[in-house]
Amino acid sequence: LGNVRSDGDLQLVAGNGITVDTAESGAGMQLSAAHGIEMGSARSEGDMQLVAGNGITVGTAESGADMQLVAGQSIAVQTAVIGGNGDWQAGGDLRADAVQAGCNFAARSGGQLAIGTLQAGCGINLDGSADLVIDNLQASGDIALQSRNGDVQARALASGGALTLQAAGDSRGEQARAGNGAAWTAGSQVSAGQLDVDGTLSILAGGSIGFDRISSGHAQLDAAAGDLHGGQLQAATAALSASQALTLEQAQIGQQLALAAQDIQARVSQDAAGSTPLSTRFTGYRNGIAQRVVVEVDARDAWLIDSLRAMDAQLVTGNAQVRINEGEVINSMDLRSAQTHLWMDNNSARVRDVDVQLTELDHTFRLGIDGRYVDTNAYVIHFADGFRITSPNFNASHTDDGGQYLGESALRYSSRLLNLPGLLSSPGEVIWRNDDEPVISIGPGAVNVGAVSR
């Protein structure tokens, strides 16, 4: 047929196929074919329904109300303008260059689903058996994308509501915005560019995760069988985990941050509007013990580490106040705060040139630093002049019961004695006194002053 026009409803039924250059209807339009439907352009003031046993191919389709396309094989549309809801179903591939829907748009394909530009006044739901390839989606409501057996690839997504992406394979997105949370899952890799989410962002990947920039209220990312590499992260609270390495170039956090991986490297600062102290956790994957933790943190006032579990840890901060509530370090910890350089070595007591040196044979400890004051239940090897240490006396239960060890260091005490003027005076002479300390004296034979230094 060439041009077909009806002032009222237009209905065509064919036992084979339908081929029309132009079809117009002043009301509704219904076309049904046992084989295929091919149309240059189709326009209806009311609903439009096209049903074909094989494929549907339309250059331009426009409906004043709802539009339904059902094809046993493929659907290919260049441009579609839908006044109401759109519902397209294809047994094979589904492709559209540009689609505009007044309210909801849903599409389901048995093969690949590819859409160039899609705008919907309400929500969007796309479900493909194979890959989903999207250039630009915009919806005032929710957006849901699913590939049951393939990948999801989207250049730009903008949702006024929730954003949901599910891929059996890889999932890739260059830019996404969601007004009410986002959930992103993939059986393999997730690669994201810029993500802006109001509310909670969740990314779960069977493999690795990579992103350039994320901004959300709460961010939860988990790379179950790979690495997690992030560029910039901004969130009030965040929990990131990876079974292998986790690298975070720059994170701006309001209140809480938890990082869990075999190898952790991160730079973290606290948002100006965040509450103090900045609370953090650094552990291995699934709360195991990390091989290495290397973090640099700049909190507003104080840095709180609720849990640290690592073989080795390097912690750097410009803050004077640092606290570790539950620490477990197997080998060593190098902690540098604004005024204190603290070293913990749980394998060796060899003295290092640091401000405070600790060791803990059972590897678990607590630690608090406030300027040059250190409070810990770890064993103190030595500390420098100008520092004050408090620690409970050793007991088998490793508790704070009993008296307090007020911070003298055996090494430091001996060093002071050996460098005092008049040390060779008669036994019993007073040789040291601080205003707040008891007088200390040495009796006969207390120190072998004639020994040769080696």
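A: Let's start with Thr-247, which touches Leu-228, His-229, Gly-230 and Gln-265, leaving out residues up to four places away in sequence; contact here means heavy atoms within 4.5 Å. This is a predicted model, in which local features need pLDDT of at least 70 and side-chain atom pairs count only at pLDDT 80 or more, while totals for chains, interfaces and linings use all residues. Residues are numbered from 1 along each chain as its sequence is written, and side-chain values use heavy atoms, with hydrogens and water left out.

Thr-247 sits in strand β24 (residues 245-260); strands (E, at least two residues) are DSSP runs, numbered from the N terminus. With a relative accessibility of 27%, Thr-247 counts as partly exposed, a class that lies between buried (under 20% relative accessible area) and exposed (over 50%), using a 1.4 Å probe and protein chains only. Arg-267 is 20 residues away from Thr-247 along the chain, and their C-alpha atoms are separated by 8.9 Å.

Now for the charged pairs. A salt bridge is a side-chain nitrogen of Lys or Arg within 4 Å of a carboxyl oxygen of Asp or Glu, and by this rule there are 14 salt bridges. One of them joins Asp-222 and Arg-286, at 3.4 Å from N to O. This pair links distant parts of the chain, 64 residues apart: Asp-222 belongs to strand β22 (residues 209-223), and Arg-286 to the loop between β26 (278-283) and β27 (290-298). Asp-222 is buried, at 13% relative accessible area, whereas Arg-286 is exposed, at 58%.

Finally, look inside. In soluble globular proteins, nonpolar side chains tend to be buried together. A nonpolar core is a set of buried Ala, Val, Leu, Ile, Met, Phe, Trp, Tyr and Cys residues joined through side-chain atoms within 4.5 Å. The largest one here has 117 residues, and those with the most contacts inside it include Trp-88, Leu-126 and Met-333. Strand β21 (residues 190-205) supplies the largest share of this core, seven residues. Leaving aside neighbours within four places in sequence, Leu-126 is in contact with several residues, among them Phe-105, Ile-115, Leu-132 and Gln-146.

Technical notes: Helices (H or I, at least four residues) and strands (E, at least two) are DSSP runs, numbered from the N terminus.
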